[in-house]
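Hi there,

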Amino acid sequence: MKRALQEFRVLLLDQRGTGNSSVINAQTLAHLSAQQQADYLTHFRADNIVRDAELIREKMGVEKWSILGQSFGGFCSLTYLSLFPKSLTASYITGGVPSISRHPDDVYAATFKRTMEKNQAFFEQFPNAQTMCKNIADHLMEVEEVLPNGQRFTVEQFQQIGINFGVSDSFLPTYYALENAFIEVNGTRRLRYEFLNSMLMEQNFQTNPIYALLHEPLYCQDFASNWSAHRVRQVRDEFNYAKGKAFYFTGEMVFPWMFDQYTSLQPLKQAAELLAEKSDWSELYSADVLAKNTVPVSCAVYADDMFVEMDISRETLALMPNAKAWITNEYEHNGLRADGERILDKLIEMGRQTAANLAQ
């Protein structure tokens, strides 16, 4: 914000279903049938987020503007460049250049590999953590532990805190949490309330179900995801914990069992199944339009990104003229939050250079 406000008027858009926009949760969807829920949710992808932005631009009387997209915001940026390129002066993207054609199976094959690399780095830095994790996982398989919201805590849910490995400075807090997981209660070993409460706080799906419902569909164009991450996980069997095996955390992936286990997702299970099976999704990106792109596009691509694979990002950028990438291993996926002033400054300068080259 500090860098942007030096020369821009900044508009922060709460995308459909988030923040102060139309709230999506089990409460607001309860009056609809499962099919109606699924049909309604199809209107919350990047194409309509971009159409909302266009309506706002027109209502504000802005001829053209520049856009900054972080993570999924970068996906939205490519949709904007596909649908309304004439509305844009420049596009800045951080950690968010997707494939415009690949099936999510390819995406998850790459992200599971990155997630395993993060696991290996964590357990190399904290060798004792492997035993701690196995002790917790084995305990959860034998003893019923309940989160403060009344939900049974499981091995699969415990594994999901690995999503934190995709951002900077997350290894040490994770290790500290593991150190103090257990407590003795009348001679019986149980998980501490503080630990269970911290695990509940990690479950953002409880308050933001739109992520679980639309995470895989955000990749879909004329094909169904059919629970892509779950299917790829079966191939990467090391992530399916059993006693005697090594323990590994998972990442940002969404799995069908979540709609059985998570209290706030259970009422949305049928809608989630319908969305996973849906194959007639509209196109989010136009390869033809992007191949003729004249808008300066500046991207920070993180070499070790656990969520958005660098090689896939480079593949997409190679298709787009006037798209320049700064590839760096200085940051994790949260680079914009960690050092946003420097990153945005560099992207603005890259965009200026591209615009100058176009003007020649």
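Asn 226 sits in the loop between helix H10 (209-214) and H11. Please keep in mind throughout that this is a predicted model. The phi of Asn 226 is near 50°, a positive value in a residue other than glycine. Most residues other than glycine have a negative phi, which is the reason I start here. Trp 227 is found in the loop between H10 and H11 as well, and its phi is near 55°, again positive in a residue that is not glycine. Are these two residues buried or exposed? Asn 226 counts as partly exposed because its relative accessibility is 41%. Trp 227, with a relative accessible area of 12%, is buried.

Next, the aromatic residues. Searching the whole structure turns up 30 aromatic pairs. One of them joins Phe 123 and Tyr 248: the ring centres are 6.5 Å apart and the planes stand at 70°, so this pair is edge-to-face. Which parts of the chain does the pair tie together? Phe 123 belongs to helix H5, while Tyr 248 is in the loop between helix H11 (228-235) and helix H12 (258-261), so the pair links parts that are 125 residues apart in sequence. Phe 123 and Tyr 248 are both buried. Phe 247 and Phe 249 also form an edge-to-face aromatic pair, with 4.9 Å from centre to centre and 85° between the planes. Phe 247 counts as buried because its relative accessibility is 0%, and Phe 249 is buried too, with a relative accessible area of 0%.

Two charged side chains are worth a look alongside the rings. Arg 233 lies over the face of Phe 255, 4.8 Å from the ring centre. Lys 346 lies over the face of Trp 326, and here the distance to the ring centre is 5.1 Å.

On to the salt bridges.

- Lys 113 and Glu 117: their side chains meet in a salt bridge at 3.0 Å, N to O. Both residues lie in helix H5 (residues 104-125), four residues apart, which is about one turn of the helix. Lys 113 counts as partly exposed because its relative accessibility is 46%, and Glu 117 is partly exposed at 32%.
- Arg 236 and Glu 238: the closest N and O atoms of this salt bridge are 2.8 Å apart. Arg 236 is partly exposed at 22% relative accessibility, and Glu 238 is partly exposed with a relative accessible area of 27%.
- Glu 349 and Arg 352: in this salt bridge the closest N and O atoms are 4.0 Å apart. The two residues lie in helix H16 (residues 335-359), three residues apart, about one turn of the helix. Glu 349 is partly exposed, its relative accessible area being 44%, and Arg 352 is partly exposed at 43%.

What else is linked with Glu 349 and Arg 352? Arg 3, Glu 7 and Asp 345 join Glu 349 and Arg 352 in a network of salt bridges.

Leu 5 is found in the segment before helix H1 (26-29).

Finally, have a look at Leu 140, which lies in helix H6 (residues 128-142). Leu 140 counts as buried because its relative accessibility is 4%, and the cut-off for buried is under 20%. What does Leu 140 touch, not counting residues up to four places away in sequence? The contacts are Glu 145, Arg 152, Phe 153, Thr 154, Val 155, Phe 158 and Leu 191. As for Ser 282, its C-alpha is 42 Å in space from that of Leu 140, and the two residues are 142 apart in sequence.

Happy exploring, and write back whenever you like.

Best wishes

Conventions:
Residues are numbered from 1 along each chain as its sequence is written. This is a predicted model: local features need pLDDT of at least 70, side-chain atom pairs count only at pLDDT 80 or more; totals for chains, interfaces and linings use all residues. Side-chain values use heavy atoms; hydrogens and water are left out. Buried means under 20% relative accessible area, exposed over 50%, partly exposed in between (1.4 Å probe, protein chains only). Rings of Phe, Tyr and Trp (its six-membered ring) pair if their centres lie within 6.5 Å; planes under 30 degrees apart count as stacked, over 60 as edge-to-face and the rest as tilted. A charge sits over a ring if NZ of Lys or CZ of Arg is within 6 Å of the ring centre and within 35 degrees of the ring normal. Contact means heavy atoms within 4.5 Å.
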